[in-house]
Amino acid sequence: KLSVAPEIDVMEYCRKEWRGNTPVAKRMKKGYEAVAQKFASIRRVRGDNYCALRATLFQALSQATQLPSWLQSEDFAVLPENLLSEYDWIKQWQLKEKPGRKMGEISDEIKEYLMLLRKKWKNISEIKDPTEKQEACDKVFKNEQEEYSLYEALKFLMLNTAIKLYNDDKDGRRVPVFSWLLFARDTSSNPCQLMHNHLNHIGHSGGLEQVEMFLLAYALQYTIQVYRLYKYSTDEFITLYPNDPEEDWPVVTLITEDDRHYNIPVRMCQETML
């Protein structure tokens, strides 16, 4: 079962979802009209607690034309063992449906997920034909076991990024503002708490919070552009994570009505592409 539904015209989707004339419905319609000026279609993303990861990864893979440099690095494969040798508490990483794993297994298993992410990204980025590329991408999101393994890899990369930012800040190096906000929460004042109280729950009992969208963007070195429809006509209608992106980071676009569930706009309108 495909966890990203086939595409449907943006305004047709809007009419199905928002029939009424309440102030909220009017705002959503305006929001969708704005999206429709840039994108022809929308694909609905399965609404579990992985939807932010799913929507972001789907868009990144759909557009991939090369393997990001961080996926090519030699350290990438040994990331789990390196981190586990330094931070004993990572043993309590919550693998999907496999609580209480031993440390060795956890390291091997996460390495397997990271290698799968590298392999899928490489294979899809090498496909030149857009239709074939899309089919290969769809295939990943039809295989539940593979798909959830990739989310574990993304979550682990988010943890790795959080540890780096935390250490940089402690050592007096400059860190992005969101990093202070991330560690200013009572529930995540350090990477260990972030793992226990947030990352371990993503996909199980919670999705990504706003500040974790920044962390995901940094982990992937992608700018995540989000149409936040309920913020239509405010300056937060189109939000960028991070808000001061690196010039060379690729951009993926998502749509949300409430900052909890994310769908993806597809097929840029011709005039937008010029």
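Let's start with Ser233, which sits in the loop between β3 and β4. Helices (H or I, at least four residues) and strands (E, at least two) are DSSP runs, numbered from the N terminus. Ser233 has a positive phi of about 70 degrees, although it is not a glycine. Most residues other than glycine have a negative phi, and most peptide bonds are trans. Ser233 is also exposed, at a relative accessible area of 60%; here exposed means over 50% relative accessible area, buried means under 20%, and partly exposed lies in between, using a 1.4 Å probe and protein chains only.

Gln221 is another non-glycine residue with a positive phi, about 55 degrees. Gln221 belongs to the loop between α11 and β3, and with a relative accessible area of 32% it counts as partly exposed.

## What you are looking at

This is a predicted model, in which local features need pLDDT of at least 70 and side-chain atom pairs count only at pLDDT 80 or more, while totals for chains, interfaces and linings use all residues. Residues are numbered from 1 along each chain as its sequence is written, and side-chain values use heavy atoms, with hydrogens and water left out.

## The sheet

Look for six strands that form an open sheet with mixed pairing, in the order β1-β2-β6-β5-β3-β4. Two strands pair if DSSP finds at least two bridges between them. At the edges are β1 (8-9) and β4 (238-241), each pairing on one side only. In the loop between β4 and β5 you will find Pro242, and the peptide bond leading from Tyr241 to Pro242 is cis, with omega near -5 degrees.

Now turn to β5 (residues 251-256), which runs parallel to β3 (residues 223-228) and is joined to it by six bridges. Ile224 stands opposite Val252 in β5, and Arg228 has Thr256 as its bridge partner. With β6 (residues 262-268), β5 pairs in the antiparallel sense over two bridges, and here Ile255 stands opposite Asn263. Is β5 enclosed or open? Five of its six residues are buried, so β5 is largely enclosed by the rest of the structure. The hairpin of β5 and β6 has five residues between the strands, and Asp259 there takes a positive phi near 65 degrees.

## Two nonpolar cores

A nonpolar core is a set of buried Ala, Val, Leu, Ile, Met, Phe, Trp, Tyr and Cys residues joined through side-chain atoms within 4.5 Å. The largest one has 73 residues, and Trp93, Leu117 and Trp121 have the most contacts inside it. Helix α8 (residues 144-170) gives the largest share of this core, 12 residues. A second, separate core has 17 residues, among them Val35, Phe39, Leu229 and Ile255.

Contact means heavy atoms within 4.5 Å. Leaving aside neighbours within four places in sequence, the contacts of Trp93 include Ile106, Ile110, Phe156, Leu159, Met195 and Leu199.

Which residues of helix α9 (residues 177-184) are buried? They are Phe178, Ser179, Leu182 and Phe183. Seen down the axis of α9, these buried residues fall within an arc of 130 degrees, so they line one face of the helix; the arc is that of the directions from the helix axis to the C-beta atoms. The cover over them includes α8, α10 (191-197) and α11 (210-220). On the face turned away from the buried side are the exposed residues Val177, Leu181 and Ala184.

## The listed active site

UniProt, in an unreviewed entry, lists Asp48, Cys51 and His261 for "active site". Its positions are given in the numbering used here, feature names are shortened, and annotations may be inferred rather than shown by experiment. The three residues span 214 residues in sequence, yet no two of their C-alpha atoms are more than 8.3 Å apart, so they gather at one spot.

Cys51 is found in helix α3 (residues 51-63) and is buried, with a relative accessible area of 3%. His261 lies in the loop between β5 and β6 and, at 19% relative accessibility, also counts as buried. Beyond neighbours within four places in sequence, Cys51 is in contact with residues including Val45, Arg46 and His261.

How many disulfides are there? The count is zero, where a disulfide is a pair of cysteine sulfur atoms within 2.5 Å. For Cys51, the closest cysteine sulfur is in Cys137, 16 Å away, which is too far for a bond.
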